[in-house]
Structures are given as structure tokens and as C-alpha cells.
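Please read the points below with the model open.

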Amino acid sequence: MDLNELFSRHQKALIDMVNLACPTSRGWAEKCANYYAGQIETEQLRTGAAAAPGSHSALKRAVRGR
């Protein structure tokens, strides 16, 4: 999976993390967001691509509005 696909899936998971009605579904979306963040980091290291500034945890807090 290339970086564009990983970023797309990560964004969708972050959106679902705050918008899904069911707490269980939101929890699963967060696990998916964490997984894709890890895959993005791995792919960036493998290819030498520059990482975006900021952390995944900070992004999750921002998405949640906290």
C-alpha cells in the first residue's frame, strides 16, 4: 500500500473516531487510525520520505477537540 492510500485510510479512521454513533465503533476506528499511523511511519522510514511535523497523538487530540 502506498503512502497516499495509507494517508487516506488514516484520515477516514480519524473522522470515524469522532463521528460514529457507537462507542465500540469509535474505539475500533481509533485502533485503525493507530495502525495506519504506524504503517505510515514504517513506509516513510523505508522510503526516506519526510515525516509530517507533529505527532499522531496530538492529531488525535485535535480531531477530538481536546
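1. The buried residues of α1 pack against α2 (23–47) and α3 (56–64), where contact means heavy atoms within 4.5 Å. Helices here are DSSP runs (H or I, at least four residues), strands are E runs of at least two, and both are numbered from the N terminus.

2. Basis of the model. This is a predicted model, in which local features need pLDDT of at least 70 and side-chain atom pairs count only at pLDDT 80 or more, while totals for chains, interfaces and linings use all residues. Residues are numbered from 1 along each chain as its sequence is written, and side-chain values use heavy atoms, with hydrogens and water left out.

3. Overall fold. The chain has 3 helices and 0 strands, in the order α-α-α from the N terminus. Its C-alpha trace spans about 40 × 25 × 15 Å along the principal axes. Of the 66 residues, 24% count as buried; buried means under 20% relative accessible area, exposed over 50%, and partly exposed in between (1.4 Å probe, protein chains only). Of the contacts between residues at least 6 apart in sequence, 59% join residues at least 24 apart.

4. Faces of α1. The buried residues of α1 are Leu-3, Leu-6, His-10, Ala-13, Leu-14, Asp-16 and Met-17. Viewed down the helix axis they fall within an arc of 165 degrees, so they line one face of α1; the arc is taken from the directions from the helix axis to the C-beta atoms. Asn-4, Gln-11 and Asn-19, on the other side of α1, are exposed.

5. Crossing of α2 and α3. The axes of these two helices, α2 and α3, come within 11 Å and cross at roughly 145 degrees. Axes are lines fitted to C-alpha atoms, for helices over the stretch in contact, and angles run from 0 to 180 degrees between N-to-C directions. The contact is made by Glu-30, Ala-33, Asn-34 and Ala-37 of α2 with His-56, Lys-60 and Arg-64 of α3.

6. Aromatic pair. The structure holds 1 aromatic pair. The ring centres of Tyr-35 and Tyr-36 are 5.3 Å apart and the planes are at 70 degrees, so the pair is edge-to-face. Rings of Phe, Tyr and Trp (its six-membered ring) pair if their centres lie within 6.5 Å, with planes under 30 degrees apart counted as stacked, over 60 as edge-to-face and the rest as tilted. Tyr-35 is partly exposed at 48% relative accessibility, whereas Tyr-36 is buried at 14%.

7. Loop residue. Ser-55 lies in the loop between α2 and α3 and is partly exposed, at 39% relative accessible area.
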